[in-house]
Amino acid sequence: MKKQDMNLLESYQKLNKLRENKGATGRIYIMIFIGTLLIASAYYFTLFIQNNTLKQNIKDIENYLASPQVVDRSVEAERLNADIKKLEDILKEVQNAQNIFDLQPKFSSQTMNLLLAERPGTVRFNAVSFTGDAITLDISGTRVYSVSDYVMRLRRLDVFQEVQYSGYDLVEGVYNSNVVIILKGGK
Amino acid sequence: MTSLSKREVFLLFLMAVIVSASLFIAFLINPMNAEIAANRDKLGALEFQKTQTEINLSIIPSLRTRKDVRISETESALGAIANPIHASEFERWILPVMSKYGAKVTTVNLSETKVATPELLYTQVTPAVYRLLELIRDYNQISVVAPQPLPTSTTQLLFAEYTYMFSVGYESFMEIVDAVKEWETSYFVSDAVYNFSEKEGSITIRVYGVHKLTEQELLDIYKGDLGTHPNDVTGPKGSSDPK
(Lines give C-alpha, C1' and ligand atoms only; values in the text may rest on other atoms or scores of the structure.)
Protein backbone atom coordinates (compact mmCIF):
# COMPACT_ATOMS: atom_id res chain seq x y z
CA MET A 1 0.00 0.00 0.00
CA LYS A 2 1.44 3.24 -1.09
CA LYS A 3 1.48 5.86 1.51
CA GLN A 4 -0.05 9.12 0.33
CA ASP A 5 1.35 12.49 1.15
CA MET A 6 -0.68 14.74 3.40
CA ASN A 7 -1.63 18.04 1.66
CA LEU A 8 -2.69 20.39 4.40
CA LEU A 9 -2.78 23.41 2.16
CA GLU A 10 -5.28 21.84 -0.12
CA SER A 11 -7.45 20.81 2.82
CA TYR A 12 -7.17 24.29 4.27
CA GLN A 13 -8.21 25.88 0.99
CA LYS A 14 -11.18 23.53 0.66
CA LEU A 15 -12.34 24.31 4.18
CA ASN A 16 -11.86 28.03 3.66
CA LYS A 17 -13.81 27.90 0.42
CA LEU A 18 -16.64 26.13 2.17
CA ARG A 19 -16.71 28.78 4.91
CA GLU A 20 -16.68 31.56 2.30
CA ASN A 21 -19.57 29.92 0.46
CA LYS A 22 -21.61 29.82 3.67
CA GLY A 23 -20.94 33.50 4.34
CA ALA A 24 -21.90 34.44 0.77
CA THR A 25 -25.23 32.59 0.99
CA GLY A 26 -26.03 34.44 4.22
CA ARG A 27 -25.23 37.77 2.60
CA ILE A 28 -27.37 36.89 -0.39
CA TYR A 29 -30.29 36.10 1.92
CA ILE A 30 -29.82 39.34 3.81
CA MET A 31 -29.60 41.31 0.58
CA ILE A 32 -32.73 39.66 -0.76
CA PHE A 33 -34.50 40.47 2.52
CA ILE A 34 -33.36 44.08 2.46
CA GLY A 35 -34.27 44.33 -1.23
CA THR A 36 -37.74 43.02 -0.54
CA LEU A 37 -38.09 45.44 2.35
CA LEU A 38 -37.02 48.34 0.16
CA ILE A 39 -39.47 47.41 -2.60
CA ALA A 40 -42.29 47.09 -0.08
CA SER A 41 -41.33 50.40 1.49
CA ALA A 42 -41.29 52.06 -1.91
CA TYR A 43 -44.75 50.70 -2.63
CA TYR A 44 -45.97 51.89 0.75
CA PHE A 45 -44.44 55.29 0.07
CA THR A 46 -46.25 55.46 -3.27
CA LEU A 47 -49.51 54.69 -1.49
CA PHE A 48 -48.73 57.29 1.13
CA ILE A 49 -48.13 59.95 -1.53
CA GLN A 50 -51.31 58.93 -3.34
CA ASN A 51 -53.31 59.16 -0.13
CA ASN A 52 -51.87 62.53 0.68
CA THR A 53 -52.73 63.82 -2.78
CA LEU A 54 -56.30 62.61 -2.30
CA LYS A 55 -56.47 64.27 1.10
CA GLN A 56 -55.18 67.51 -0.39
CA ASN A 57 -57.78 67.37 -3.19
CA ILE A 58 -60.52 66.71 -0.65
CA LYS A 59 -59.35 69.62 1.42
CA ASP A 60 -59.27 71.90 -1.64
CA ILE A 61 -62.84 71.01 -2.61
CA GLU A 62 -64.05 71.32 0.98
CA ASN A 63 -62.46 74.74 1.20
CA TYR A 64 -64.09 75.72 -2.10
CA LEU A 65 -67.50 74.50 -0.98
CA ALA A 66 -67.15 76.17 2.39
CA SER A 67 -65.97 79.51 1.01
CA PRO A 68 -68.40 82.27 1.99
CA GLN A 69 -68.92 83.39 -1.60
CA VAL A 70 -69.87 79.90 -2.77
CA VAL A 71 -72.05 79.30 0.30
CA ASP A 72 -73.88 82.59 -0.21
CA ARG A 73 -74.47 81.96 -3.90
CA SER A 74 -75.52 78.37 -3.22
CA VAL A 75 -78.04 79.61 -0.68
CA GLU A 76 -79.27 82.13 -3.24
CA ALA A 77 -79.60 79.41 -5.89
CA GLU A 78 -81.49 77.17 -3.48
CA ARG A 79 -83.78 80.02 -2.48
CA LEU A 80 -84.44 80.88 -6.12
CA ASN A 81 -85.24 77.26 -6.91
CA ALA A 82 -87.55 77.01 -3.91
CA ASP A 83 -89.28 80.27 -4.86
CA ILE A 84 -89.77 79.09 -8.44
CA LYS A 85 -91.23 75.82 -7.19
CA LYS A 86 -93.64 77.67 -4.89
CA LEU A 87 -94.67 80.05 -7.67
CA GLU A 88 -95.25 77.12 -10.01
CA ASP A 89 -97.41 75.46 -7.38
CA ILE A 90 -99.48 78.63 -7.04
CA LEU A 91 -99.70 78.99 -10.82
CA LYS A 92 -100.82 75.39 -11.22
CA GLU A 93 -103.54 75.83 -8.61
CA VAL A 94 -104.76 79.07 -10.14
CA GLN A 95 -104.75 77.66 -13.67
CA ASN A 96 -106.68 74.71 -12.35
CA ALA A 97 -109.43 77.05 -11.18
CA GLN A 98 -109.15 79.17 -14.30
CA ASN A 99 -109.89 76.12 -16.47
CA ILE A 100 -113.23 75.84 -14.69
CA PHE A 101 -113.98 79.54 -15.15
CA ASP A 102 -113.02 79.43 -18.81
CA LEU A 103 -115.37 76.58 -19.58
CA GLN A 104 -118.29 77.94 -17.57
CA PRO A 105 -120.99 79.11 -20.03
CA LYS A 106 -121.89 82.77 -19.62
CA PHE A 107 -125.36 84.23 -19.82
CA SER A 108 -125.43 87.40 -21.93
CA SER A 109 -127.61 89.63 -24.06
CA GLN A 110 -125.81 88.27 -27.12
CA THR A 111 -127.38 84.86 -26.55
CA MET A 112 -130.73 86.36 -25.64
CA ASN A 113 -130.71 88.56 -28.74
CA LEU A 114 -130.15 85.47 -30.83
CA LEU A 115 -133.05 83.70 -29.15
CA LEU A 116 -135.27 86.71 -29.71
CA ALA A 117 -134.18 87.17 -33.30
CA GLU A 118 -135.08 83.58 -34.19
CA ARG A 119 -138.45 83.82 -32.52
CA PRO A 120 -141.37 83.51 -34.95
CA GLY A 121 -143.98 86.26 -34.82
CA THR A 122 -146.43 83.79 -33.32
CA VAL A 123 -144.27 83.14 -30.25
CA ARG A 124 -144.26 85.31 -27.15
CA PHE A 125 -141.76 85.18 -24.26
CA ASN A 126 -143.35 84.93 -20.83
CA ALA A 127 -140.23 84.41 -18.79
CA VAL A 128 -136.62 83.45 -19.22
CA SER A 129 -134.40 81.83 -16.66
CA PHE A 130 -130.77 80.84 -16.68
CA THR A 131 -129.20 78.27 -14.40
CA GLY A 132 -125.58 77.24 -14.77
CA ASP A 133 -125.48 76.25 -18.40
CA ALA A 134 -129.16 76.16 -19.37
CA ILE A 135 -131.58 78.85 -20.48
CA THR A 136 -135.19 77.94 -19.96
CA LEU A 137 -137.67 79.84 -22.09
CA ASP A 138 -141.24 80.03 -20.90
CA ILE A 139 -143.00 80.81 -24.17
CA SER A 140 -146.47 80.92 -25.63
CA GLY A 141 -147.36 80.27 -29.25
CA THR A 142 -150.54 81.40 -30.89
CA ARG A 143 -150.51 78.48 -33.36
CA VAL A 144 -150.00 74.80 -32.75
CA TYR A 145 -146.83 74.62 -34.74
CA SER A 146 -145.36 77.85 -33.32
CA VAL A 147 -143.27 76.27 -30.60
CA SER A 148 -141.90 73.40 -32.68
CA ASP A 149 -141.12 75.85 -35.46
CA TYR A 150 -139.13 77.94 -33.01
CA VAL A 151 -137.31 74.93 -31.60
CA MET A 152 -136.41 73.80 -35.12
CA ARG A 153 -134.96 77.22 -35.92
CA LEU A 154 -132.91 77.19 -32.76
CA ARG A 155 -131.57 73.72 -33.49
CA ARG A 156 -130.55 74.74 -36.99
CA LEU A 157 -128.45 77.57 -35.62
CA ASP A 158 -126.04 74.93 -34.30
CA VAL A 159 -124.70 77.31 -31.67
CA PHE A 160 -126.13 75.50 -28.68
CA GLN A 161 -125.21 72.15 -27.24
CA GLU A 162 -128.81 71.06 -27.22
CA VAL A 163 -132.33 72.43 -27.50
CA GLN A 164 -134.71 70.39 -25.38
CA TYR A 165 -138.38 70.45 -26.28
CA SER A 166 -140.86 68.50 -24.21
CA GLY A 167 -144.31 69.54 -25.49
CA TYR A 168 -146.90 72.20 -24.81
CA ASP A 169 -150.28 72.86 -23.19
CA LEU A 170 -153.16 74.73 -24.72
CA VAL A 171 -154.33 77.23 -22.10
CA GLU A 172 -156.79 80.00 -22.88
CA GLY A 173 -156.15 79.80 -26.60
CA VAL A 174 -152.32 79.80 -26.51
CA TYR A 175 -149.83 76.96 -26.53
CA ASN A 176 -147.58 77.25 -23.48
CA SER A 177 -144.26 75.50 -23.53
CA ASN A 178 -140.87 75.41 -21.86
CA VAL A 179 -137.83 75.13 -24.09
CA VAL A 180 -134.50 74.38 -22.47
CA ILE A 181 -131.35 75.46 -24.28
CA ILE A 182 -128.08 73.93 -23.10
CA LEU A 183 -125.24 76.32 -23.83
CA LYS A 184 -121.84 75.29 -25.10
CA GLY A 185 -118.89 75.61 -22.76
CA GLY A 186 -116.51 78.54 -22.92
CA LYS A 187 -119.11 80.89 -24.44
CA MET B 1 -25.60 23.95 19.21
CA THR B 2 -25.84 22.00 16.03
CA SER B 3 -25.14 23.81 12.79
CA LEU B 4 -28.07 24.28 10.33
CA SER B 5 -28.07 22.73 6.96
CA LYS B 6 -28.42 24.84 3.81
CA ARG B 7 -31.98 23.72 3.30
CA GLU B 8 -32.92 24.65 6.85
CA VAL B 9 -31.36 28.04 6.47
CA PHE B 10 -33.28 28.59 3.27
CA LEU B 11 -36.56 27.55 4.87
CA LEU B 12 -35.93 29.86 7.82
CA PHE B 13 -35.15 32.68 5.45
CA LEU B 14 -38.29 32.00 3.45
CA MET B 15 -40.38 31.94 6.60
CA ALA B 16 -38.89 35.21 7.79
CA VAL B 17 -39.66 36.84 4.45
CA ILE B 18 -43.23 35.54 4.43
CA VAL B 19 -43.88 36.60 8.02
CA SER B 20 -42.39 40.03 7.43
CA ALA B 21 -44.35 40.50 4.22
CA SER B 22 -47.58 39.39 5.90
CA LEU B 23 -47.07 41.81 8.78
CA PHE B 24 -46.22 44.59 6.35
CA ILE B 25 -49.31 43.97 4.27
CA ALA B 26 -51.62 43.50 7.25
CA PHE B 27 -50.52 46.52 9.25
CA LEU B 28 -49.40 49.00 6.63
CA ILE B 29 -50.50 48.26 3.08
CA ASN B 30 -54.08 47.12 3.73
CA PRO B 31 -55.02 49.99 6.08
CA MET B 32 -53.47 52.44 3.65
CA ASN B 33 -55.38 50.92 0.71
CA ALA B 34 -58.61 51.08 2.71
CA GLU B 35 -57.96 54.72 3.54
CA ILE B 36 -57.22 55.50 -0.09
CA ALA B 37 -60.44 53.80 -1.18
CA ALA B 38 -62.42 55.76 1.41
CA ASN B 39 -60.77 59.00 0.36
CA ARG B 40 -61.43 58.24 -3.31
CA ASP B 41 -65.12 57.76 -2.51
CA LYS B 42 -65.18 60.96 -0.51
CA LEU B 43 -63.40 62.83 -3.28
CA GLY B 44 -65.83 61.44 -5.85
CA ALA B 45 -68.79 62.62 -3.80
CA LEU B 46 -67.19 66.01 -3.23
CA GLU B 47 -66.36 66.40 -6.92
CA PHE B 48 -69.97 65.63 -7.77
CA GLN B 49 -71.10 68.15 -5.17
CA LYS B 50 -68.66 70.68 -6.59
CA THR B 51 -69.90 70.10 -10.12
CA GLN B 52 -73.49 70.47 -8.95
CA THR B 53 -72.61 73.62 -7.05
CA GLU B 54 -70.82 75.06 -10.08
CA ILE B 55 -73.81 74.27 -12.26
CA ASN B 56 -76.14 75.83 -9.69
CA LEU B 57 -73.99 78.90 -9.43
CA SER B 58 -73.71 79.24 -13.18
CA ILE B 59 -77.48 79.17 -13.63
CA ILE B 60 -78.26 81.80 -11.00
CA PRO B 61 -78.83 84.50 -13.65
CA SER B 62 -81.22 82.23 -15.55
CA LEU B 63 -82.93 81.28 -12.27
CA ARG B 64 -83.45 84.96 -11.52
CA THR B 65 -84.97 85.45 -14.96
CA ARG B 66 -87.11 82.36 -14.54
CA LYS B 67 -88.34 83.55 -11.17
CA ASP B 68 -89.27 86.93 -12.66
CA VAL B 69 -91.17 85.18 -15.45
CA ARG B 70 -92.97 82.96 -12.95
CA ILE B 71 -93.85 85.96 -10.79
CA SER B 72 -95.25 87.72 -13.83
CA GLU B 73 -97.24 84.63 -14.88
CA THR B 74 -98.52 84.04 -11.37
CA GLU B 75 -99.52 87.66 -10.90
CA SER B 76 -101.28 87.57 -14.25
CA ALA B 77 -103.09 84.33 -13.36
CA LEU B 78 -104.03 85.60 -9.93
CA GLY B 79 -105.10 88.88 -11.49
CA ALA B 80 -107.69 87.04 -13.53
CA ILE B 81 -109.40 86.09 -10.30
CA ALA B 82 -110.95 88.83 -8.22
CA ASN B 83 -109.61 89.92 -4.87
CA PRO B 84 -111.26 88.75 -1.66
CA ILE B 85 -114.22 90.98 -1.13
CA HIS B 86 -116.78 91.64 1.54
CA ALA B 87 -120.45 91.80 0.59
CA SER B 88 -120.53 95.47 1.47
CA GLU B 89 -117.65 96.11 -0.94
CA PHE B 90 -119.39 94.11 -3.63
CA GLU B 91 -122.40 96.40 -3.32
CA ARG B 92 -120.14 99.29 -4.25
CA TRP B 93 -119.84 97.66 -7.65
CA ILE B 94 -123.24 96.23 -8.29
CA LEU B 95 -125.46 99.01 -6.94
CA PRO B 96 -124.09 101.64 -9.32
CA VAL B 97 -124.87 99.26 -12.16
CA MET B 98 -128.40 98.80 -10.85
CA SER B 99 -128.81 102.56 -10.52
CA LYS B 100 -127.41 103.19 -13.98
CA TYR B 101 -130.07 101.01 -15.60
CA GLY B 102 -132.90 102.15 -13.38
CA ALA B 103 -133.37 98.88 -11.54
CA LYS B 104 -135.33 99.04 -8.32
CA VAL B 105 -133.75 96.50 -5.99
CA THR B 106 -136.40 94.75 -3.92
CA THR B 107 -134.63 91.87 -2.19
CA VAL B 108 -130.98 91.02 -1.69
CA ASN B 109 -129.52 87.84 -0.25
CA LEU B 110 -125.82 87.94 0.55
CA SER B 111 -124.12 84.77 1.68
CA GLU B 112 -121.19 84.56 4.02
CA THR B 113 -117.83 84.19 2.37
CA LYS B 114 -116.50 80.67 2.70
CA VAL B 115 -113.76 78.50 1.25
CA ALA B 116 -114.93 76.45 -1.72
CA THR B 117 -113.71 74.68 -4.81
CA PRO B 118 -114.94 76.26 -8.06
CA GLU B 119 -117.87 74.28 -9.33
CA LEU B 120 -118.33 73.87 -13.04
CA LEU B 121 -122.01 74.40 -13.78
CA TYR B 122 -121.86 72.71 -17.12
CA THR B 123 -123.29 69.52 -18.50
CA GLN B 124 -121.71 67.84 -21.45
CA VAL B 125 -124.53 66.47 -23.58
CA THR B 126 -123.50 63.21 -25.18
CA PRO B 127 -125.51 62.19 -28.22
CA ALA B 128 -127.20 58.82 -28.11
CA VAL B 129 -125.13 56.02 -29.58
CA TYR B 130 -126.51 52.61 -30.44
CA ARG B 131 -125.29 49.52 -32.20
CA LEU B 132 -126.76 50.22 -35.62
CA LEU B 133 -125.47 53.79 -35.61
CA GLU B 134 -122.01 52.48 -34.83
CA LEU B 135 -122.22 50.04 -37.71
CA ILE B 136 -123.41 52.74 -40.10
CA ARG B 137 -120.59 55.02 -39.00
CA ASP B 138 -118.17 52.18 -39.43
CA TYR B 139 -119.51 51.52 -42.94
CA ASN B 140 -119.17 55.20 -43.83
CA GLN B 141 -115.75 55.31 -42.17
CA ILE B 142 -116.83 58.09 -39.90
CA SER B 143 -114.76 58.28 -36.76
CA VAL B 144 -116.30 59.96 -33.79
CA VAL B 145 -114.00 61.94 -31.57
CA ALA B 146 -114.65 61.25 -27.94
CA PRO B 147 -115.46 64.42 -26.00
CA GLN B 148 -112.73 65.82 -23.83
CA PRO B 149 -113.27 65.09 -20.15
CA LEU B 150 -114.45 68.09 -18.23
CA PRO B 151 -111.83 69.78 -16.09
CA THR B 152 -112.06 69.32 -12.39
CA SER B 153 -110.53 71.54 -9.80
CA THR B 154 -109.30 70.96 -6.31
CA THR B 155 -108.24 74.56 -5.93
CA GLN B 156 -109.80 76.28 -2.99
CA LEU B 157 -110.91 79.88 -3.33
CA LEU B 158 -112.98 82.28 -1.31
CA PHE B 159 -116.57 82.00 -2.41
CA ALA B 160 -119.78 83.90 -1.83
CA GLU B 161 -123.12 84.02 -3.60
CA TYR B 162 -125.16 87.21 -3.90
CA THR B 163 -128.73 87.30 -5.16
CA TYR B 164 -130.44 90.48 -6.26
CA MET B 165 -134.13 90.75 -7.09
CA PHE B 166 -135.24 93.91 -8.82
CA SER B 167 -137.82 95.55 -11.05
CA VAL B 168 -136.54 96.65 -14.42
CA GLY B 169 -137.29 96.46 -18.14
CA TYR B 170 -135.98 93.50 -20.12
CA GLU B 171 -133.30 95.41 -21.99
CA SER B 172 -131.97 96.95 -18.81
CA PHE B 173 -132.05 93.54 -17.17
CA MET B 174 -129.81 92.18 -19.90
CA GLU B 175 -127.57 95.28 -19.67
CA ILE B 176 -127.04 94.50 -15.99
CA VAL B 177 -126.23 90.87 -16.81
CA ASP B 178 -123.78 92.04 -19.49
CA ALA B 179 -122.18 94.51 -17.11
CA VAL B 180 -121.34 91.71 -14.70
CA LYS B 181 -119.98 89.62 -17.57
CA GLU B 182 -117.86 92.49 -18.82
CA TRP B 183 -116.09 92.76 -15.50
CA GLU B 184 -114.18 89.79 -16.93
CA THR B 185 -113.30 88.40 -13.59
CA SER B 186 -114.25 85.47 -11.44
CA TYR B 187 -117.77 86.79 -10.87
CA PHE B 188 -120.36 84.81 -12.76
CA VAL B 189 -124.09 85.08 -13.15
CA SER B 190 -124.99 81.55 -12.15
CA ASP B 191 -128.76 82.08 -12.07
CA ALA B 192 -130.95 84.66 -13.71
CA VAL B 193 -134.68 84.90 -14.06
CA TYR B 194 -136.72 87.51 -15.89
CA ASN B 195 -140.47 87.71 -15.98
CA PHE B 196 -141.65 89.69 -18.99
CA SER B 197 -145.15 90.38 -17.75
CA GLU B 198 -144.12 91.44 -14.22
CA LYS B 199 -140.96 93.19 -15.46
CA GLU B 200 -139.10 91.67 -12.55
CA GLY B 201 -135.81 89.95 -12.59
CA SER B 202 -133.28 88.37 -10.33
CA ILE B 203 -129.66 87.47 -10.73
CA THR B 204 -127.42 85.33 -8.58
CA ILE B 205 -123.75 86.12 -8.83
CA ARG B 206 -121.11 83.65 -7.78
CA VAL B 207 -118.13 85.52 -6.44
CA TYR B 208 -114.78 83.79 -6.29
CA GLY B 209 -111.84 85.62 -4.77
CA VAL B 210 -108.21 85.00 -4.05
CA HIS B 211 -105.42 86.85 -2.31
CA LYS B 212 -102.57 88.21 -4.38
CA LEU B 213 -98.85 87.59 -4.20
CA THR B 214 -98.25 90.68 -2.10
CA GLU B 215 -100.45 92.75 0.12
CA GLN B 216 -99.34 95.84 -1.76
CA GLU B 217 -101.05 94.53 -4.89
CA LEU B 218 -104.30 94.26 -2.98
CA LEU B 219 -103.97 97.83 -1.79
CA ASP B 220 -103.11 99.05 -5.27
CA ILE B 221 -106.12 97.37 -6.78
CA TYR B 222 -108.53 98.59 -4.14
CA LYS B 223 -107.15 102.12 -4.09
CA GLY B 224 -110.04 104.55 -4.06
CA ASP B 225 -112.49 101.72 -3.99
CA LEU B 226 -113.85 102.28 -0.53
CA GLY B 227 -115.37 105.32 1.06
CA THR B 228 -116.12 106.94 -2.26
CA HIS B 229 -119.39 107.54 -3.96
CA PRO B 230 -120.71 104.29 -5.47
CA ASN B 231 -120.71 105.85 -8.92
CA ASP B 232 -116.98 106.48 -8.65
CA VAL B 233 -115.95 102.95 -7.82
CA THR B 234 -113.86 100.93 -10.14
CA GLY B 235 -114.65 97.47 -11.41
CA PRO B 236 -113.52 94.35 -9.59
CA LYS B 237 -110.14 94.41 -11.30
CA GLY B 238 -109.78 98.16 -10.90
CA SER B 239 -109.47 98.49 -14.64
CA SER B 240 -112.59 100.21 -15.80
CA ASP B 241 -115.87 101.55 -14.60
CA PRO B 242 -118.82 99.25 -14.92
CA LYS B 243 -121.20 100.26 -17.64
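Mentor: Let's begin with chain B: of its 243 residues, 19% count as buried. Keep in mind that this is a predicted model.

Trainee: What are the elements of chain B, and in what order do they run?

Mentor: Chain B has 6 helices and 5 strands. Starting at the N terminus, the order is α-α-α-β-β-α-β-α-β-β-α. As for its contacts between residues at least 6 apart in sequence, 81% join residues at least 24 apart.

Trainee: What makes H4(B) a helix that lies largely in the open?

Mentor: H4(B) covers residues 131–139, and the number of buried residues among its 9 is 0, so it lies largely in the open.

Trainee: Now the two chains together. How many residues does each one put into the contact?

Mentor: Chain A brings 60 residues and chain B brings 61. On the chain A side, H1, H2, H3 and S1 each supply at least two residues. H2(A) gives the most, with 23 residues. By class, that side of chain A has 31 nonpolar, 19 polar and 10 charged residues.

Trainee: How do you know that the length of H2(A) agrees with what a helix should span?

Mentor: At 1.5 Å a residue, its 36 residues should span 52 Å, and the end C-alpha atoms are 52 Å apart, so the two agree.

Trainee: Which residues of H2(A) are buried, and what do they pack against?

Mentor: The buried ones are Leu87(A), Ile90(A), Val94(A), Ala97(A), Gln98(A), Ile100(A) and Phe101(A). Helix H2 (60–79) and strand S3 (157–167) of chain B are what the buried residues of H2(A) pack against.

Trainee: And why is H2(A) called roughly perpendicular to H1(B)?

Mentor: H2(A), residues 68–103, and H1(B), residues 6–58, pack at an angle of about 65°, with axes 9 Å apart. The label covers 65 to 115 degrees, so H2(A) counts as roughly perpendicular to H1(B). Their crossing is left-handed.

Trainee: Which residues make that contact?

Mentor: H2(A) uses Val70(A), Arg73(A), Ser74(A) and Ala77(A), while H1(B) uses Thr53(B), Asn56(B) and Leu57(B). They divide into 3 nonpolar, 3 polar and 1 charged.

Trainee: Now some loops. Why is Gly167(A) called exposed?

Mentor: Gly167(A) is in the loop between S3 and S4 of chain A. It has 10 C-beta neighbours inside 10 Å, and the cut-off for exposed is 12 or fewer, so Gly167(A) counts as exposed. From Gly167(A) to Asn21(A) it is 133 Å, C-alpha to C-alpha, and 146 residues in sequence.

Trainee: Why does Lys199(B) count as partly exposed?

Mentor: Lys199(B) has 14 C-beta neighbours inside 10 Å; exposed needs 12 or fewer and buried needs 20 or more, so Lys199(B) counts as partly exposed. It is found in the loop between S4 and S5 of chain B, and its phi is positive too, about 55°.

How values were computed. Residues are numbered from 1 along each chain as its sequence is written. Chains are lettered from A and ligands numbered from 1 in the order in which they are written. This is a predicted model: local features need pLDDT of at least 70, side-chain atom pairs count only at pLDDT 80 or more; totals for chains, interfaces and linings use all residues. Axes are lines fitted to C-alpha atoms, for helices over the stretch in contact, and angles run from 0 to 180 degrees between N-to-C directions. Helices (H or I, at least four residues) and strands (E, at least two) are DSSP runs, numbered from the N terminus. Angles under 35 degrees count as roughly parallel, over 145 as roughly antiparallel, 65 to 115 as roughly perpendicular and the rest as oblique. A crossing is left-handed if the near helix is turned anticlockwise from the far one by less than a right angle, and right-handed if clockwise. Two residues are in contact if their C-beta atoms, placed from the backbone, lie within 7 Å. Ala, Val, Leu, Ile, Met, Phe, Trp, Tyr, Cys and Pro count as nonpolar, Asp, Glu, Lys and Arg as charged, and the others, Gly among them, as polar. The expected span of a helix is 1.5 Å times one less than its number of residues.
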